[in-house]
Amino acid sequence: MGRDTIADIINSIRNADMDRKGTVRIASTSITESIIKILLREGFIENVRKHQEGKKNFLVLTLRHRKNRKGSYRTNLNLKQISRPGLRIYSNYQKIPRILGGMGVVILSTSRGIMTDRGARLKRIGGEILCYIW
């Protein structure tokens, strides 16, 4: 794992999804737990459980795959990192982008914690745009 934990989460999930793996193991931090809770609540992943090896805690994610009509698997999850350590992207609540006309989810880091774009608009707070999910 590198220094950018959000990029590590996104890349681990994206790689496992493209490789059609059922589970992904991610290091557990407070940021990763809140992002994974959002993914679980929005229905992008199927299940989450905590796992401990020695003194390190991990989250084991069960990914959701959809079977296509022809029998091949189609990826269900598209993730894109927006803000990164070299370039932070901030937005107020009025200018938070809508992904696929509101079908996708924007994850923001606000002064009240990590939340989705809908929650930030309802509470009328902006913040740093972490990633897009559709």
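Q: Is Arg-124 buried or exposed in this predicted model?
A: A residue counts as exposed when its relative accessible area is over 50%. Arg-124 has a relative accessible area of 59%, so Arg-124 is exposed.

Q: Where in the chain does Arg-124 lie?
A: Arg-124 sits in the loop that links α3 (117–123) to β10 (127–133).

Q: Which loop holds Leu-100, and what is its phi?
A: Leu-100 is in the loop between β7 (90–91) and β8 (105–110). Phi of Leu-100 is near 55°, again positive in a residue other than glycine. With a relative accessible area of 57%, Leu-100 is exposed.

Q: How do the axes of α1 and α2 lie to each other, and why is the pair called oblique?
A: Angles of 65 to 115 degrees count as roughly perpendicular and those under 35 degrees as roughly parallel. Helix α1 (residues 5–18) packs on helix α2 (residues 30–42) at about 40°, and their axes are 10 Å apart. The two helices are therefore oblique to each other.

Q: Is the crossing of α1 and α2 left-handed or right-handed?
A: The crossing of these two helices, α1 and α2, is right-handed.

Q: Which residues of α1 and α2 meet?
A: From α1 come Ile-6, Ile-9 and Ile-13; from α2 come Ile-31, Thr-32, Ile-35, Ile-36 and Leu-39. By class, the contact of α1 with α2 has seven nonpolar residues, one polar and no charged.

Key. Residues numbered from 1 in each chain as written. Predicted model: local features only at pLDDT ≥ 70, side-chain atom pairs only at ≥ 80, totals over all residues. Heavy atoms only, no water. Axes fitted to C-alpha atoms, helices over the stretch in contact; angles between N-to-C directions. Helix = DSSP H or I, 4+ residues; strand = E, 2+ residues; numbered from the N terminus. Parallel < 35°, antiparallel > 145°, perpendicular 65-115°, else oblique. Left-handed = near helix turned anticlockwise from the far one by under 90°. Contact = heavy atoms within 4.5 Å. Nonpolar A, V, L, I, M, F, W, Y, C, P; charged D, E, K, R; others polar. Buried < 20%, exposed > 50% of the residue type's maximum accessible area, 1.4 Å probe, protein only.
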